[in-house]
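Let's go through this one together, a feature at a time. Have the viewer open and follow along.

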Amino acid sequence: MPIARSSALLAGFAAALALTSCAPKKDTIRIGEFASLTGKEAAFGQSSHKGTLLAIEELNAAGGILGKSLELITEDNQSKAGESATIVKKLISRDKIVALLGEVASSRSLEAAPICQAAKIPQVSPSSTNPAVTETGDYIFRVCFIDPFQGVVMAKFAKDTLKVRKVAVLTSVSSAYSVGLAKYFKERFVADGGVIAVEQKYSEGDKDFKAQLTAIKASGIDGIFLPGYYTEAALVCKQAKDLGLTVPVFGGDGWEAPQLVEIGGAAVEGSYYSTHYSPENRSPAVTTFLAKFKQRWKNEVPDAMAALGYDSAMVLADAMKRAGTTEGAKVRDALAATKGYVGITGTTTLDASRNANKAAVVITVKNGQFKFVESVAP
Ligand code: PHE
């Protein structure tokens with residue numbers, strides 16, 4: 001019987017957690033997942049989880065792998081710092097998972113990575129883009145591009161397409177992702193002759209950005225780079241407009257969530273962000289995935305996190321099949337040898353640093369919708 005404990009998503013997470021037992025069933029392969037199912041970045045965790053669960057269900061419907069069913073055990077970190085370490089330790093010691101999927105946000109993947117490395121449990125992050133995640137050790141992988149590439153994509157886009165020269169950068173100092181992406185963007189933008197006229201900072205959860213935006217306005221910039229997550233990005237766009245700032249605002253994959261438009265409204269119209277995938281892509285792989293995902297999840301259109309969540313589970317399963325075992329060291333070796341795996345977000349070949357090199361797409365907000373602008377090859 002296909003087992004996916006987190007299908008209890010619909011029935012409530014509390015019930016799902018209470019149900020978790022200790023001993024793995026003989027005929028199942030236990031894969032752990034940690035995600036921000038609730039709290040500030042719930043949109044990330046929910047979306048990624050839906051993609052991951054769809055993949056696990058599909059694998060089970062096709063007979064499982066290595067003659068066993070896959071059992072996905074999902075734990076919620078509530079988007080809170082510190083929680084991921086606790087729940088990942090629990091997944092390893094109590095639930096005896098053989099591999100871990102997650103997280104979206106880099107700071108939370110970074111909490112889990114040293115724990116997985118020490119326990120020799122392979123971890124595959126679907127969408128954490130900060131380089132430090134996989135630098136933690138040889139058991140830590142990701143199926144997405146990294147921020148040195150994403151920063152270059154947006155620096156070039158700012159210069160060549162938006163034609164901005166003098167930019168403000170507003171960084172979330174409590175997010176490894178934001179700090180890294182700001183750095184890589186700045187390096188490239190300046191190397192290409194651009195000017196960073198002003199740099200301002202905030203922390204996750206801040207709601208009032210008027211002081212930073214007033215300083216930004218006074219510096220006479222013609223664009224704002226905002227490498228943060230969707231909640232703050234939307235609030236910054238709103239408050240920028242309130243202050244009469246009309247320059248283009250642009251960011252990275254952390255902007256991607258329906259809440260960007262729900263919170264930002266008209267203020268996010270005409271803004272841009274880079275991400276990993278667009279549902280407007282008409283490739284056979286994406287078309288099939290769209291249909292399956294919509295059928296499974298009440299007609300919801302999968303975003304980048306969903307697509308990467310799906311790919312992360314499939315790449316892990318592929319490695320287990322090739323390894324012929326779920327033993328940590330062997331699965332690690334098979335993951336490291338991943339080559340030419342064709343998924344939803346492109347082809348995954350894991351390099352010597354355990355990262356994938358994939359194209360980025362640039363999206364704009366138009367009439368409240370996310371619209372594909374261009375694709376940028378690595
Ligand atoms: N790349 C972001 C991070 O590392 C997370 C993210 C991925 C957000 C994809 C949205 C879409 O923190």
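Q: Is Asn299 buried or exposed, and how do I read that?
A: Buried means under 20% relative accessible area, exposed means over 50%, and partly exposed is in between, using a 1.4 Å probe and protein chains only. Asn299 comes out at 56% relative accessibility, so it counts as exposed. Before we go on: this is a predicted model, where local features need pLDDT of at least 70, side-chain atom pairs count only at pLDDT 80 or more, and totals for chains, interfaces and linings use all residues. Residues are numbered from 1 along each chain as its sequence is written, and side-chain values use heavy atoms, with hydrogens and water left out.

Q: Where is Asn299, and what is its phi?
A: Helices (H or I, at least four residues) and strands (E, at least two) are DSSP runs, numbered from the N terminus. Asn299 sits in the loop between helix H11 (284-296) and helix H12 (304-323). Its phi is positive, about 70°, although Asn299 is not a glycine.

Q: What about Ser79: buried or exposed?
A: Ser79 is buried, with a relative accessible area of 14%. Its phi is positive too, near 65°, and you'll find Ser79 in the loop between strand S2 (69-76) and helix H3 (83-93).

Q: Which side chain of opposite charge is nearest to Lys358?
A: For charges, Lys and Arg count as positive, Asp and Glu as negative, and His and the chain ends are not counted. A salt bridge is a side-chain nitrogen of Lys or Arg within 4 Å of a carboxyl oxygen of Asp or Glu. For Lys358 the nearest opposite charge is Asp311, 4.2 Å away, and this buried lysine has no salt bridge.

Q: Which side chains make polar contacts with Lys358?
A: A polar contact is a pair of N or O atoms within 3.5 Å; within protein, one must be able to donate a hydrogen and the other to accept it, and residues adjacent in sequence count only if both atoms are side-chain atoms. The Lys358 side chain has one of 2.8 Å with Thr345 and one of 3.1 Å with Thr348.

Q: How many residues are in the largest nonpolar core, and where does it lie?
A: A nonpolar core is a set of buried Ala, Val, Leu, Ile, Met, Phe, Trp, Tyr and Cys residues joined through side-chain atoms within 4.5 Å. The largest has 59 residues, and helix H9 (residues 230-242) gives the most, with seven. Domain 1 (3-145 + 282-359) and domain 2 (147-275) both give residues to this core, so it lies between them; the domain bounds come from an automatic or database assignment.
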